[in-house]
Amino acid sequence: MAIAIFVIYLIPLLIIELAIIALTCFLTFAFDRNRKIVHAVSHIMSGSITRLSILWRMKCRGMENIEKGKSYIVTVNHQTMLDIPVCYSLPLHFKWVSKREVLGMPVFGWVLRLRGDIAIDRGGVASTIKLFKRAGEVTSDGCSVIIFPEGTRSKSRTMGRFKDGAFIMAKECDTEILPAVIDYRYRKRDLFGKKIAIPYRITLTALPPIDIETIRAKSAGELRDMTKGIMSVALDKIRTERTA
């Protein structure tokens with residue numbers, strides 16, 4: 001499913017986005033070092049992917065939970081490559097935290113690299129310190145950080161085990177956590193003579209943030225379990241409501 005959508009729909013749009021972002025970077029590099037203009041362009045381009053598609057309908061909820069101009073560590077469940085353009089519907093200026101090998105991917109990775117997103121190196125104390133330092137620079141500059149706490153796409157509808165990184169980052173950066181959940185409804189469609197499950201409805205929900213007093217009072221492990229619990233309950237509620 002993900003491969004079919006990626007090849008047929010996302011790849012051409014990503015190529016166009018890459019060209020536009022590259023041109024924007026070239027024209028604004030001297031005065032837009034934080035790439036805010038590039039991010040605004042990414043919002044517009046990703047909106048074309050999620051909101052103008054004839055394949056699905058997009059719905060956003062809970063956007064009132066996001067305070068304008070505030071920085072967050074945003075935690076999102078991860079199911080498909082569509083999660084990335086979907087997250088651009090959040091009214092935030094943000095950077096992604098991505099594995100370095102993802103930033104090296106043709107087209108898709110080039111877009112992330114041009115945007116100045118944050119790369120994770122596997123293992124090593126030095127790389128971890130560098131990651132948190134970069135995240136601290138980003139959040140102190142009024143920019144949020146988005147991370148998939150599962151670390152990889154879930155192979156089922158159930159969220160996988162959360163890693164500690166996002167929650168250590170929240171404590172190190174002294175920044176609130178904004179949980180968000182994405183839910184997909186799928187429908188079987190004919191594609192090249194086969195029945196392929198393609199999402200026809202996407203719901204992005206921003207949940208109330210975890211306040212800074214709680215961030216400071218709890219350990220990273222406690223924050224991890226708390227955040228996963230909040231996101232799991234919210235996702236279950238969304239799925240229950242749609243089947244009622």
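## Burial and overall make-up

Of the 244 residues in the protein, 49% are buried, where buried means under 20% relative accessible area, exposed means over 50%, and partly exposed falls in between (1.4 Å probe, protein chains only). This is a predicted model, so local features need pLDDT of at least 70 and side-chain atom pairs count only at pLDDT 80 or more, while totals for chains, interfaces and linings use all residues. Residues are numbered from 1 along each chain as its sequence is written, and side-chain values use heavy atoms, with hydrogens and water left out.

The protein has 9 helices and 7 strands; these are DSSP runs numbered from the N terminus, with helices being H or I of at least four residues and strands being E of at least two. It exposes about 12200 Å², and carbon and sulfur atoms supply 60% of that (Shrake-Rupley method with a 1.4 Å probe; for residues, only the protein chains shown count as cover). As for contacts (heavy atoms within 4.5 Å), take those between residues at least 6 apart in sequence: 70% of them join residues at least 24 apart.

Thr75 sits in strand E2, residues 73-76. It is buried, with a relative accessible area of 0%. Setting aside neighbours within four places in sequence, Thr75 touches Ile147, Pro149, Ala166, Phe167, Ile177, Leu178, Pro179, Ala180, Thr227 and Met231.

Met169 belongs to helix H7, which covers residues 165-173. With 0% relative accessibility, Met169 counts as buried. Beyond its neighbours within four places in sequence, Met169 is in contact with Ile73, Val97, Leu131, Phe132, Ala135 and Val145. Take Leu131 from that list: Met169 and Leu131 are 38 residues apart in sequence, and their C-alpha atoms are 8.7 Å apart in space.

Asp174 lies in the loop between H7 and E6. Its backbone deserves a look: Asp174 isn't a glycine, but it has a positive phi of about 50 degrees. Most residues other than glycine have a negative phi. Asp174 is partly exposed, at 36% relative accessible area.

Gly221 is found in helix H9. It counts as partly exposed, at 23% relative accessibility. Gly221 and Phe167 are 54 residues apart in sequence, but 7.5 Å apart in space, C-alpha to C-alpha.

## The cysteines

If you're wondering about disulfides (pairs of cysteine sulfur atoms within 2.5 Å), the structure holds 0 of them. Cys60 is in no disulfide, and the nearest cysteine sulfur, on Cys87, is 9.9 Å away.

Cys60 is partly exposed, with 26% relative accessible area. Cys173, on the other hand, counts as buried at 13% relative accessibility.

## The second largest pocket

The second largest pocket holds about 210 Å³ of space. Here's how that works: on a 1 Å grid over the protein atoms alone, a pocket is an open set of points with protein on both sides within 12 Å along at least five of seven lines, a cavity is a set where a 1.4 Å probe fits but cannot get out, and lining residues have an atom within 4 Å of a point. Points are joined across faces, edges and corners, and the volume is the space filled by probe spheres set on them.

The pocket's lining is made up of Arg57, Met58, Lys59, Arg61, Asp183, Arg185, Arg201, Thr203, Ile238, Glu241 and Arg242. Strands E1 (57-61), E6 (177-191) and E7 (194-206) and helix H9 (220-243) each give two or more residues, with E1 giving the most, 4 residues. By class the lining has 2 nonpolar, 1 polar and 8 charged residues, counting Ala, Val, Leu, Ile, Met, Phe, Trp, Tyr, Cys and Pro as nonpolar, Asp, Glu, Lys and Arg as charged, and the others, Gly among them, as polar.

Thr205 is in strand E7. It is buried, at 7% relative accessible area, and its contacts beyond four places in sequence are Arg61, Pro179, Ala180, Val181 and Ile238.

## Cavities

The count comes to 2 cavities of 30 Å³ or more.
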